[in-house]
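Please look over the sequence and the structure below before reading on. The paragraphs that follow go through them step by step.

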Amino acid sequence: MPDTLSWTMIFALMAKQFWPVWVALVVTFVLSIRFKRKLGLYGKLFDSPVGMVGFAIVMFWVFTALFADMIVTFDPLAQLGSVKNPLPGSPTPAGADGQYPWFLLGGDHLARDVFSRMVEGARQVLVIAPAATTFAFLVGITLGLPAGYFGGKLDTVLSFMANLVLAFPVILLFYLLVTPEIRNTGIPVYLAAILFLIPILFFVVLLNSRFHTNPPKRNLYVGVTLVLGLWAYSGLAFNRDPLGVWGMAPNLLNVFVSVVFVNAPTVFRIVRGIVMDIKSRDYVAAGQTRGEQAWYIMLWEILPNARGPLIVDYCLRIGYTTILLGTLGFFGLGVTPESPDWGSTINAGRKLLSMIPHPAVVPALALMSLVLGLNLLADGLREESMKD
Amino acid sequence: MLRFVLRRLGVMVLTALVLTFVVFYLTNLPPNLEKLARSEGSVRMTDAAVASWIIDNGHGGSVFYRYAEWLGVAPGWVLTDDKGVTRGLCIRQNDDPALAPTFCGIFQGNWGFSTVFKKPVLYSLGKSMAATGWLMLAVMVVMVPVALLIGVLAGMREGSRTDRVLSTFSIASSATPEYVSGVILVALFASPATGLSPLLSGWGWIGGKTLFLGTATSAMDNITFWNFALPVATIALYGVGYIARMTRASMTEVMTQQYIRTARLKGVAFRDVVLRHALRNAMIAPFTVIMLQFPYLLNGVVITETLFNYKGFGWMLVTAAGNNDIEMLLGASVVAVIFVLATQLISDIGYVFLNPRIRLS
C-alpha cells in the first residue's frame with residue numbers, strides 16, 4: 001500500500017493530472033497574444049492584466065469541463081472502500097490493480113473521490129450556467145428592445161411584470177418553483193414553452209428584418225432557423241424530439257427554467273435602459289428618416305451599439321447564475337442526490353464541516369475561483385471597451 | 001412629491017397583491033394539498049378520502065375565492081358535517097359557530113396555524129423575525145461602514161496601488177457567495193481539526209477547542225462575539241464587495257468634476273477636498289445601492305441561517321417550505337414581499353430627496 005502524500009506531492013500530482021488543461025491554455029494564450037491586434041475586443045483583453053488573469057481562470061475551468069474524462073482519477077460516482085471521509089492524500093484501498101493509488105483531495109462520506117467529483121462538477125456547472133444565461137439574455141433582449149424603443153403601454157406592462165419578478169425573494173421563488181410536486185402540475189413545461197419560444201422568435205425577426213428585401217435569401221435563412229429552432233424546441237421544452245437528439249431531464253428543465261426566469265427581468269431592465277439612451281442618437285433618427293422598419297433599427301442598429309455593456313454584463317451574469325445554481329444545490333433543490341455539481345457537494349459536506357472540512361471546502365473554492373475569474377474578466381472587458 | 005409617493009404606493013400594493021396571489025397559488029397546488037391531507041389526516045388515506053378531506057377543510061373550490069378568504073375580503077368557509085358539527089375558517093375549536101366572525105384573513109390578523117411548529121403563524125413569525133432582526137442589524141453595522149470606507153479610499157485616487165488592491169478585494173468578495181464563505185470561515189476558524197483553532201489551542205491561547213463557534217444556535221438566547229461573528233461575517237462579506245464597487249464608481253466620478261479641481265487649485269488640502277467636497281456628493285448612489293441590497297441580504301440570511309443553524313426568519317422559511325407548511329410559508333412570503341417592496345420605495349424616495357437634480361414629473 002502506498003504512503004500518504006504530503007501537500008506538496010498532492011499539488012504536484014494534481015498539476016500533472018490537469019496536463020490537457022495546461023496545454024490548451026498555453027495554446028490559447030500564445031495564439032491570442034500573437035494575433036491580438038486582429039481580434040477586436042477579444043484581442044484587446046490581452047492588453048489588460050486583470051482581464052488576462054480572469055480569462056485564464058475562466059478558460060482553466062472551461063478546459064477542465066471539456067477534458068474532464070482525461071483528468072478524473074476515478075469515476076465520480078464510484079464508492080471506493082468503506083472508510084468514510086478519507087483525508088487528502090491518503091491511499092485508496094484498491095491501489096494495486098491499476099487504479100489510481102491515492103485520494104488526491106480526500107473522499108466524501110460515501111468514500112467517493114472529491115477531486116474527481118470537483119472536476120466532473122465543473123462540467124455540470126459550465127453547461128447549465130452559460131446556457132441559462134444565454135437564454136435569459138435572448139429573452140431579456142427580445143422584450144427589452146421594443147419596451148425601450150416604443151415605450152408607452154407596452155413598456156408599462158412589461159416593466160411592471162419585470163418588477164414583479166424582481167420583487168420576489170429569489171430563494172422563495174426557488175422553493176416554490178423547483179419542487180418535485182410542481183413538476184406533476186406541468187407548470188415548468190408551460191413556462192419553458194413560453195421562454196424557449198422567445199429565442200426562436202428573436203432569430204426569425206432578426207433575419208427577417210435584415211433580408212426581407214431579398215425574399216429567396218430570407219426564405220432560406222428563416223426556414224433553416226425555424227426547422228432547427230422548432231426541432232430543438234420540441235425536444236427541450238416538451239421532451240418530444242422525434243429524433244431523440246434534444247432532450248432535458250424533468251428536474252434539469254425545472255432548474256433551467258427557474259434560473260432563466262430569475263435572470264431575464266434584470267437583463268430586460270438593462271437592455272431597456274440602454275435602448276432608451278441610444279434611441280435619441282442621430283443615426284437612429286437617420287434610419288427612421290430613411291424609412292427603415294422599427295425592428296431593423298432595433299436589431300441591426302441599436303443592438304450592435306449596445307454590445308459593450310451587454311457583453312460585460314453577460315460575463316458577470318454567468319457568474320451570478322453559477323452562484324444561483326450553487327444555491328439550488330445547497331438547498332438540495334432540483335438535483336439528483338448523487339449529482340457531483342458544486343452546490344450539492346457543498347451541501348453534502350457541510351454536515352460534518354467542523355470535523356472534516358475537505359469535502360465541502362474543495363467545491364467551495366472551485367466555485368469561488370470560477371466566479372472570481374468571470375468577475376475579473378468582466379472588469380477587464382469593461383476597462384478595455386471604455387477605451388474606445 | 002405627494003402624488004409621486006401615492007402612485008408608488010399604489011403600484012406597490014398592486015404588486016404585493018399579485019405576488020401574494022402567485023405564492024398562494026403555488027403553495028395551494030393540488031399535489032401540495034394532497035400532501036397536507038395525508039400529513040394532517042392519515043398517511044393511508046385512499047385517494048377518495050384525500051379528495052373529500054380537501055373539500056371538508058375548505059381547500060376546495062376556486063383558487064381566487066380561497067385567496068380572497070385568506071386575505072379576509074371574502075367570508076370564511078363554514079361547513080356542517082353529517083354529525084351536525086359546524087366547522088369553519090373563522091370558528092375556533094369549542095366555540096359557538098353563531099358568534100364567530102364572518103371574515104378572518106390576514107387583514108383581520110388571522111395568519112393561520114403552523115403545522116410544523118404547532119404554534120400560530122404570527123407567533124412563530126414574530127419570534128423568528130426578532131432573531132433575524134439582530135442578525136441583520138449586526139450585518140449592517142459591520143457591512144456599511146466597511147464598504148463605504150473601502151469604496152471611498154479606492155475611488156479617491158483612481159488607478160493608485162490602494163485602488164488596485166481594494167478593488168481586487170471587492171471583486172473577490174462579491175465572487176464569494178455565502179455558502180462558500182461560510183464553509184471556508186468555519187473550516188478556518190471554527191474547526192477543531194483544521195485552520196487556526198488547533199494552533200491556538202495548542203499554544204494555550206484559547207480555552208475551548210475552537211476560536212469561534214461553528215453554529216449560532218446559542219445566539220438565539222445570548223448573542224456573544226464568539227457565536228455571532230462568523231454568521232455576520234459570512235453575510236457581510238458578500239455585500240461589502242458590491243457596495244464598495246458602487247461607492248468607488250460614484251467617488252471616481254465625483255473626483256473628476258470641475259468643482260473638485262477648483263477646490264484643489266484654490267489650495268484646499270486633499271483630505272479636506274475628499275471629506276468636505278467629494279464625500280457628500282459621492283454618497284447619493286451608494287444609498288440607493290444599500291437599500292436595494294436588502295433583498296439580497298434576505299437571500300444571504302436564508303443561506304447563512306441554514307448553514308449556522310440560527311433559528312431566524314430564513315431558517316423558518318426553509319423549514320416551512322421543506323415540510324409543506326402552507327400557512328407558515330404564506331405568512332413568511334407576505335413578510336418577505338412587503339420587506340422587498342418597502343426597501344424599493346424607500347430607496348426611490350430617498351434618492352429623490354438626496355439628489356435635487358432629479359425632478360418629479
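Two residues are in contact here when they have heavy atoms within 4.5 Å of each other. By that rule, 41 residues of chain A are in contact with 51 residues of chain B. The model is a predicted one, and the predictor gives the complex an ipTM of 0.86 and a pTM of 0.89.

How much area is buried between chain A and chain B? The value is about 3,900 Å², and carbon and sulfur atoms give 79% of that area. Charged pairing across the interface of chain A and chain B amounts to 1 salt bridge. Its partners are Asp379(A) and Arg245(B), whose closest N and O atoms are 3.1 Å apart.

Which elements of chain A give two or more residues to the side that touches chain B? They are α7 (152–166), α8 (170–177), α9 (180–185), α15 (307–330) and α17 (358–386) of chain A. The largest share comes from α17(A), with 13 residues. Sorted by class, this side of chain A has 30 nonpolar, 6 polar and 5 charged residues.

The next topic is confidence. Chain A has a mean pLDDT of 86, and 98% of its residues reach 70 or more. For chain B the mean pLDDT is 83, with 95% of its residues at 70 or more. Among the elements of chain A, the lowest mean pLDDT, 79, belongs to α9(A), and the highest, 92, to helix α4 (residues 49–66). Where pLDDT is low, the predicted coordinates should not be read in detail.

Side-chain pairs also occur within a chain. Side chains of opposite charge can pair when their charged atoms come close. Over all chains, a search of the whole structure finds 15 salt bridges. One of the pairs is Asp47(A) with Arg37(A), the closest N and O atoms being 3.5 Å apart.

In one of them, the rings of Phe74(A) and Phe103(A) have centres 6.3 Å apart and planes at 40°, so the pair counts as tilted. Both Phe74(A) and Phe103(A) lie in the loop between α5 (68–71) and α6 (114–150) of chain A, so the pair ties together parts that are 29 residues apart in sequence.

Conventions. Residues numbered from 1 in each chain as written. Chains lettered and ligands numbered in written order. Predicted model: local features only at pLDDT ≥ 70, side-chain atom pairs only at ≥ 80, totals over all residues. Heavy atoms only, no water. Buried area = accessible area lost by both parts, 1.4 Å probe. Salt bridge = Lys/Arg side-chain N within 4 Å of Asp/Glu carboxyl O. Helix = DSSP H or I, 4+ residues; strand = E, 2+ residues; numbered from the N terminus. Nonpolar A, V, L, I, M, F, W, Y, C, P; charged D, E, K, R; others polar. pLDDT = per-residue confidence, 0-100. Phe/Tyr/Trp six-rings, centres within 6.5 Å; stacked < 30°, edge-to-face > 60°.
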